[in-house]
Amino acid sequence: MGATIVDALDTLYIMGLHDEFREGQEWIDKNLDFSVNSEVSVFEVNIRFIGGLLAAYYLSGQEVFKIKAVQLAGKLLPAFNTPTGIPWAMVNLKSGVGRNWGWASAGSSILAEFGTLHMEFVHLSYLTGDPVYYNKVMHIRKLLQKMDRPNGLYPNYLNPRTGRWGQHHTSVGGLGDSFYEYLLKAWLMSDKTDAEARKMYDDAIEAIEKHLIRKSNGGLTFIGEWKNGHLERKMGHLTCFAGGMFALGADGSRDDKAGHYLQLGAEIAHTCHESYDRTTLKLGPEAFKFDGGVEAVAVRQNEKYYILRPEVIETYWYMWRFTHDPKYRQWGWEATQAIDKYCRVSGGFSGVKDVYSSSPTYDDVQQSFFLAETLKYLYLLFSNDDLLPLDNWVFNTEAHPLPVLHLANTTLSGNPAYR
């Protein structure tokens with residue numbers, strides 16, 4: 001399905017690589033076909049494909065991207081045919097049959113997956129005038145609002161048949177991360193009129209700060225994971241996006257705590273930079289611990305890899321935009337040099353299996369998010385603020401920019417007048 005092409009389109013456009021962008025557009029026009037008999041992740045297809053196509057449409061004005069996005073969204077709708085309306089994790093694009101991951105707790109859907117559809121689906125309704133997409137994501141929000149939350153925290157697993165939480169595991173990293181991001185971004189995308197989304201975000205981050213955020217013995221602020229009734233003092237690379245999220249949400253925060261959240265963002269950025277700086281390659285591991293005398297370092301072999309992830313650089317970029325402290329560009333430049341030195345191969349860029357090894361082995365994969373996110377955030381980090389200003393654009397969790405919707409006399413938490 002050409003994920004790399006679709007995911008990279010807006011990066012090409014933003015960088016002024018218009019010949020390559022046109023090549024991508026031509027391929028999409030002629031070859032991108034969604035009638036394949038295969039299962040796809042609803043979440044991944046939404047953030048990479050629908051997000052990528054919508055961003056390419058908004059940036060270039062080329063109708064083909066909008067048409068393809070709407071076609072694909074129609075193929076995802078059968079995933080919502082569950083007793084609760086919480087979608088399955090996977091759907092067969094041809095048959096419309098959905099199911100959940102076999103490894104997920106008690107047949108559950110994943111918070112970060114069904115909670116990371118809002119931005120794209122609201123834009124689909126806005127562009128088509130068809131409220132079906134908007135209604136699907138608002139139904140999810142209403143359901144979540146009614147549920148009891150242990151300690152105010154959202155568990156990562158929810159059963160789409162029963163509407164009950166699975167095991168009580170809460171994370172701001174994998175399985176949870178982008179759910180919180182999209183609460184904030186729903187508010188930003190609505191031109192700050194979606195008060196319901198903002199309240200859910202504020203409530204959530206207050207609970208996160210109380211129960212998950214701690215300082216290590218060495219003074220590093222980290223976000224742990226709540227598992228089986230206790231806090232695991234481990235932070236994932238994915239969690240590092242949260243520094244940027246706290247900074248992005250500082251303006252408009254409750255009790256006039258903008259300075260507090262900007263400082264919290266800076267502390268998370270510092271911790272995540274340390275996770276890079278304490279490796280041999282100056283590239284961050286997949287997860288790192290804060291106990292037993294170990295700080296911001298991966299302990300297990302299966303957590304020492306780097307797969308070209310963007311989250312740390314994403315936070316550097318947001319922190320740069322809000323503070324213009326030159327250290328964020330310095331840290332971004334360090335990461336750029338390390339990626340170029342250790343990840344560049346003849347066919348592109350590869351992940352590495354051990355960031356603590358002076359002779360690393362490649363995993364032989366170039367993730368599409370490397371082009372969609374890592375390179376885009378690096379480019380924006382060294383660009384002027386008037387390139388995609390944050391007052392006008394909100395980035396989806398795959399770094400695809402979607403415009404703020406200035407909808408006259410309406411809020412996105414009511415029944416919007418799309419036209």
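In the charge count used here, Lys and Arg are positive and Asp and Glu negative, while His and the chain ends are left out. On that basis, the chain carries 41 positive and 49 negative charges, and their mean positions lie 5 Å apart. Do keep in mind that this is a predicted model.

**Overall fold**
- Taken along the principal axes, the box filled by the C-alpha atoms is roughly 55 × 50 × 40 Å.
- You will find 14 helices and 17 strands in the secondary structure.

**Packing and surface**
- Of the 419 residues, 59% count as buried.
- Among contacts with a separation of 6 or more, 67% come from residues 24 or more positions apart.

**A sheet to look at**
- Three strands form an open sheet in the order β6-β9-β10, and their pairing is antiparallel.
- Strands β6 (169-170) and β10 (230-232) are the edges, each pairing on one side only.
- Strand β9 (residues 225-227) is joined to β10 by 3 bridges, and the two run antiparallel.
- Within this pairing, Lys-227 stands opposite His-230 in β10.
- As a reminder, strands of a sheet pair through backbone hydrogen bonds, either parallel or antiparallel.

Definitions and conventions: Residues numbered from 1 in each chain as written. Predicted model: local features only at pLDDT ≥ 70, side-chain atom pairs only at ≥ 80, totals over all residues. Heavy atoms only, no water. Pairing = 2+ DSSP bridges. Helix = DSSP H or I, 4+ residues; strand = E, 2+ residues; numbered from the N terminus. Buried < 20%, exposed > 50% of the residue type's maximum accessible area, 1.4 Å probe, protein only. Contact = heavy atoms within 4.5 Å. Charge placed at Lys NZ, Arg CZ, Asp CG, Glu CD.
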